[in-house]
Structure formats: structure tokens, C-alpha cells
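Thanks for coming. I will go through a few side-chain pairs and then one further residue. Please have the structure open.

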Amino acid sequence: LIGVDDSPHSRAAVEYVRKMTWPKDSTIKVLSVVRPVVTMYAEAYVPPATYVGEMNEETIRFHQETAANAERELQGTGLKTEAKILNGDPRTELVEAARTEQADLLVVGSHGRTGMAKLLMGSVASYVVAHAPCSVMVVKLAERAVREAPPAGTRK
């Protein structure tokens, strides 16, 4: 399994997996996890339900595109690939998918957050390493590549 989002770190993980040598009968499953859109509002303003629904639909489409793009890149390996969208917290969904799929390996990119950023935003990679039922490969980008990468949500 490989967990993807639209970050440069995720793209590095896909590239790393693409370049690896795999047994001929391997299947690579690309997973992108959609966090449900949660709106916060003051009592004076309540967004219409259609707005929240549209935001969720747009987020799902974005993750479908992200997973499909990663799958296309990995198809060049000659292995069977499959893209899948999950809903929820990426940390728990990736671990549960590894358990359900009986994965041999779970690959994720690392954002390299430390200190307060890691405390506030959490770390998918740290959680997955601690809780996955299988081996985990965490792919890191060189610092130079992080500085030069386009912001998430943009394409080269």
C-alpha cells in the first residue's frame, strides 16, 4: 500500500516505489484519504447544507484525481495497480487498510514536521509507524527538494 496526498513528500514516495524492484506478482494499492469537511460557524451565520456538500464533493474529486495520478505513474512498473479513496483520518484509515488488505508494506512520505508543528498537526508517518500491522517505509525528501517543490495543490 502507498498513502498519497498532493504534497511533494507524497510524490517522492511514489517515485521511490516506482523505482524499486518488486516481485512479479506484487500489487500496488494507492490510497488517498479524504478528511470530511467540517465547518465552524458563529450562531449568526450558518452555511447552507449544500455548501458543505459541495465542499465534500470537491474534496473527494481532488483525492480521486491525486490517487489516479499516482496510480498512472506506478503502472509503468508492469505490476498490477489499484487506486482507492478512503474517508476519515489518514492515520487510522491507512493503518486499518493495511490490516484489512493484509499488506506486506505500507509506504508514506514524511513532511518532516518537528516541534510545535508536529504537535499541532500530528504526523501521519509517526502514527503509521507506531500502529501499522506490517512494515512501514517512510520516504523523506532532501531539504533542498522541499524548498524547491511547488506548493501542495499545484502541479508542475
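Let me begin with K84, which is partly exposed at a relative accessible area of 33%. On the terms: buried means under 20% relative accessible area, exposed over 50%, and partly exposed in between, with a 1.4 Å probe and protein chains only.

Before going further, a note on the source. This is a predicted model, in which local features need pLDDT of at least 70 and side-chain atom pairs count only at pLDDT 80 or more, while totals for chains, interfaces and linings use all residues. Residues are numbered from 1 along each chain as its sequence is written, and side-chain values use heavy atoms, with hydrogens and water left out.

Back to K84. Its partner in a salt bridge is E101, with the closest N and O atoms 3.5 Å apart. This pair links distant parts of the chain: K84 lies in strand β3 (residues 80-87) and E101 in helix α3 (residues 90-101), 17 residues apart. Helices (H or I, at least four residues) and strands (E, at least two) are DSSP runs, numbered from the N terminus. E101 has 28% relative accessibility, so it counts as partly exposed.

I used the term salt bridge. Here it is a side-chain nitrogen of Lys or Arg within 4 Å of a carboxyl oxygen of Asp or Glu. How many salt bridges does the structure hold? The count is seven.

Another one joins the side chains of R91 and D89, at 2.7 Å from N to O. R91 is partly exposed, with a relative accessible area of 26%, and D89 is partly exposed as well, at 22% relative accessibility.

Next, R11 and D6, whose side chains meet in a salt bridge of 3.2 Å, N to O. D6, at 6%, counts as buried.

There is also a network of salt bridges, linking E15, R18 and K19.

V128 counts as buried because its relative accessibility is 0%. What does V128 touch? Leaving out residues up to four places away in sequence, V128 touches R91, L94, V95, L106 and V136. A contact here means heavy atoms within 4.5 Å. Take L106 from that list: V128 and L106 are 22 residues apart in sequence, and 8.4 Å apart in space from C-alpha to C-alpha. R91, from the salt bridge with D89, is among the residues V128 touches.
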